[in-house]
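Reader: I am new to this structure. Please show me how to read its features.

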Amino acid sequence: MESCMSSMVKYLLFITNFLIFILGLTVFGLGIWVLVDKPSFLTLFEEAQSVSGTTDSFNVEIYTSAAYILLVVSFLVVLISFFGCCGAIKENKCMLGTYFTLILALFIVMVVGAVLGYSGDLDTTIKNPLKEALNKYKDDATVQTDPLFAYKDAWNEVQQELKCCGVDNVQDWAGNGTHNWTPSSANKPLGCCMINQEGTDLTEDEQLVCRNFTQDPESTVYNFRGCYTMIKDKIESNQNTVVGVAIGVVVVMFLNMLFSFAMCTMVK
């Protein structure tokens with residue numbers, strides 16, 4: 001009976017750690033992809049830094065640091081799961097003990113990280129920088145060597161990619177006449193008017209109609225919802241999935257700690 005129990009624990013520990021090993025490699029690749037192909041709104045923040053000459057309001061390092069943290073954590077997961085696989089299959093007490101210690105430390109770090117991440121303020125990290133970035137937009141910037149041209153291009157790319165307009169909604173572009181619209185009849189950037197809500201690319205004439213159209217955030221034709229609103233909705237729509245996966249990971253880690261401790265006591 002003890003031999004049967006030992007074999008079951010051994011293979012359960014091996015299988016779960018092998019799956020975690022594959023997952024760790026996948027997340028490591030994802031971290032590299034995030035660094036190589038940055039989201040367009042990060043490009044916007046970087047352009048805002050060059051235009052404003054300040055780094056205080058646009059904390060891009062938060063996001064790039066997150067990608068590096070993702071790489072480090074995924075590497076540790078791969079390393080730890082390697083110890084788990086080898087320790088289980090070889091029934092090596094030293095490797096199992098090392099695995100238990102490492103996974104306990106990672107478990108504590110994950111719990112602390114989850115608490116800190118959950119307490120983050122989206123308004124501070126995303127909305128406020130976007131609001132400041134919007135105020136510096138100049139639609140008449142046409143010289144490619146001008147930092148304002150790259151800034152304008154970044155804003156249009158963000159709005160086209162996320163299918164959004166402004167920060168909260170299209171009405172953010174209203175008002176104070178500092179955006180130097182081209183043509184002067186326009187009241188929003190070109191990026192708001194590249195694609196309609198049906199996913200169809202607009203012609204140049206349709207783009208002009210859209211740019212002259214009333215700033216109605218409830219439009220059923222154009223994508224006039226805000227970029228921050230889109231990002232926030234995306235995060236909130238995936239929140240339950242993320243929490244579910246996180247709970248699953250924590251449960252697996254806790255079970256693996258128990259399995260590795262049990263195997264350490266069984267191995268002679």
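Reader: Which cysteine does a disulfide join to Cys 165?
Author: A disulfide is a pair of cysteine sulfur atoms within 2.5 Å. Here Cys 165 is joined to Cys 192, S to S 2.1 Å. A word on the source: this is a predicted model, where local features need pLDDT of at least 70, side-chain atom pairs count only at pLDDT 80 or more, and totals for chains, interfaces and linings use all residues. Residues are numbered from 1 along each chain as its sequence is written, and side-chain values use heavy atoms, with hydrogens and water left out.

Reader: What is the handedness of the disulfide of Cys 165 and Cys 192?
Author: The torsion about the S-S bond decides. For Cys 165 and Cys 192 it is about 85°, so this disulfide is right-handed. Both cysteines lie in the loop between H6 and H7, so the pair ties together parts that are 27 residues apart in sequence. Helices here are DSSP runs (H or I, at least four residues), numbered from the N terminus.

Reader: Is Cys 165 buried or exposed?
Author: Buried means under 20% relative accessible area, exposed over 50%, partly exposed in between (1.4 Å probe, protein chains only). Cys 165 has 0% relative accessibility, so Cys 165 counts as buried. Cys 192, at 2%, is buried too.

Reader: How many disulfides does the count come to?
Author: Three. Cys 164 is joined to Cys 227, S to S 2.0 Å. Cys 164 lies in the loop between H6 and helix H7 (204–212) and Cys 227 in helix H8, so this pair ties parts 63 residues apart in sequence. Cys 193 and Cys 210 form another, with sulfur atoms 2.1 Å apart. That link is left-handed, with -70° about the S-S bond.

Reader: Which residues of the largest nonpolar core touch the most other members?
Author: In soluble globular proteins, nonpolar side chains tend to be buried together. A nonpolar core is a set of buried Ala, Val, Leu, Ile, Met, Phe, Trp, Tyr and Cys residues joined through side-chain atoms within 4.5 Å. The largest one here has 24 residues, and Leu 130, Trp 155, Cys 165, Val 167, Trp 173, Cys 210 and Phe 224 touch the most other members. Helices H5 (122–135), H6 (147–162) and H8 (227–237) each supply at least two residues of this core. H5 gives the most, with four.
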